[in-house]
Amino acid sequence: SWTTGNVIDEQVAAIQAQVGTKRAICGLSGGVDSAVAAALVQKAIGSQLTCVYVDHGLMRKGETEQVEKDFVAATGVQLKVVDAQERFLAALAGVSDPEEKRKIIGREFIRVFEQAQAEIVAEAPGDQPVEFLVQGTLYPDVVESGGGTGTANIKSHHNVGGLPEDLEFQLIEPLRKLFKDEVRMVGQELGLPDEIVQRQPFPGPGLGIRIVGEVTRDRLDLLREADAIAREELTAAGLDRDIWQCPVVLLADVRSVGVQGDGRTYGHPIVLRPVSSEDAMTADWSRLPYEVLARISTRITNEVADVNRVVLDVTSKPPGTIEWE
Ligand code: XMP
């Protein structure tokens with residue numbers, strides 16, 4: 001029967017059999033899935049695991065610090081932080097197509113992991129090779145990326161469909177059969193703190209797929225501000241547990257006319273996409289209180305330069321996906 005204890009025992013045994021005495025690396029994204037995957041693999045192989053946090057510049061405000069603090073504090077895992085902001089920005093320059101962005105981000109992740117792998121080996125040359133890459137792929141990711149199930153491909157989740165074909169790693173995907181709520185239970189059982197386990201989902205490609213249009217540093221900064229405001233207000237209103245997640249999207253290719261102070265503006269819209277869901281396979285738009293929406297809208301248009309309009313996405317999934325790209 002399904003219990004978190006059984007899942008953990010089974011996966012620990014499977015990972016130990018797969019890895020043997022070799023070494024593995026795990027990309028941490030700050031999200032629940034990679035954190036639980038890492039904790040599970042750490043339980044199985046201990047110090048044979050090194051976690052790698054790629055700071056690709058597509059993170060939300062405070063995210064990097066949170067990984068460095070919370071996760072390491074909770075698990076004591078070996079962590080390597082790689083600053084790859086320039087690299088990702090350069091690779092994404094001039095690209096607007098969503099699938100192309102996803103593929104580029106997935107590819108760059110792997111290249112950074114390969115580099116980290118080489119560095120880890122160089123730092124401890126006598127040790128066993130680093131042959132395995134841990135991914136926090138969930139069952140819905142597998143299905144929606146068409147992962148061998150014959151299902152139509154909806155989008156390339158970067159940890160499934162976006163991997164390059166010449167991948168040098170063997171994958172360890174201990175969450176591949178689980179849904180998000182099950183992953184949370186496993187994380188809890190493994191002793192991860194609530195700040196990690198109860199976090200709302202955030203996609204691996206980060207803010208890169210929340211900018212409709214080309215990804216640039218200025219646009220990322222702007223979206224980061226708007227996102228931080230929305231999150232702050234939702235938390236202050238006590239709504240974090242009521243909604244599944246609330247993507248904040250910058251329509252960088254769209255401008256509209258507005259009036260602010262005593263002048264005409266020609267700025268960009270920000271979209272709020274609060275959704276309720278059980279497993280992200282389907283979702284409904286969340287009926288947030290008007291006062292909360294009003295506060296978010298006022299603050300974003302007041303505090304974020306170049307944004308003169310906030311709009312609410314009232315589409316369920318299907319037909320809309322949760323993310324805009
Ligand atoms: P969609 O947009 O497909 O999103 O309705 C479903 C859920 O998956 C998250 N998502 C991702 N997570 N890598 C991830 O780790 C990705 O490439 C990715 N794309 C979407 C999304 O935030 C939602 O929770």
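This dialogue explains how to read selected features of a predicted model.

Visitor: What kind of model is this, and how are its residues numbered?

Guide: The model is predicted; local features need pLDDT of at least 70, side-chain atom pairs count only at pLDDT 80 or more, and totals for chains, interfaces and linings use all residues. Residues are numbered from 1 along each chain as its sequence is written.

Visitor: Which residues does UniProt list for "binding site"?

Guide: UniProt positions are given in the numbering used here, with feature names shortened, and annotations may be inferred rather than shown by experiment. The unreviewed UniProt entry lists Ser29, Gly30, Gly31, Val32, Asp33, Ser34 and Ala35 under that heading.

Visitor: Is valine 32 buried or exposed?

Guide: A residue is buried if 20 or more other C-beta atoms, placed from the backbone, lie within 10 Å of its own, exposed if 12 or fewer, and partly exposed in between. Valine 32 counts as buried because it has 24 C-beta neighbours inside 10 Å. Serine 34 is buried as well, with 24 C-beta neighbours inside 10 Å.

Visitor: Where does valine 32 lie, and which residues does it contact?

Guide: Helices (H or I, at least four residues) and strands (E, at least two) are DSSP runs, numbered from the N terminus. Valine 32 belongs to helix H2 (residues 32–45), and serine 34 is also found in helix H2. Two residues are in contact if their C-beta atoms, placed from the backbone, lie within 7 Å. Leaving aside neighbours within four places in sequence, valine 32 contacts Val183, Arg184, Gly187, Ile196, Val197, Arg199 and Pro201. With residues up to four places away likewise not counted, serine 34 touches Cys26, Gly27, Leu28, Ser29 and Gly136.

Visitor: How many residues of domain 1 are in contact with domain 2?

Guide: Domain bounds come from an automatic or database domain assignment. Here that assignment gives domain 1 (4–197) and domain 2 (210–312). Their centres, taken over C-alpha atoms, are separated by 28 Å. At the contact, 13 residues of domain 1 meet eleven residues of domain 2.

Visitor: What does helix H5 reach from its first C-alpha to its last?

Guide: Helix H5 (residues 98–123) has 26 residues and reaches 37 Å, close to the 38 Å expected. Its buried residues include Ile104, Phe109 and Phe113. The elements they pack against include strand S1 (23–28) and helix H4 (85–92).

Visitor: Which residues other than glycine have a positive phi?

Guide: One of them is alanine 280, with a phi of about 70 degrees; alanine 280 sits in the loop between strand S10 (275–276) and strand S11 (284–285). Alanine 280 is buried, because 20 other C-beta atoms lie within 10 Å. Aspartate 306 has a positive phi near 75 degrees and lies in the loop between H10 and S12. Aspartate 306 is partly exposed, with 15 other C-beta atoms within 10 Å.

Definitions and conventions: The expected span of a helix is 1.5 Å times one less than its number of residues.
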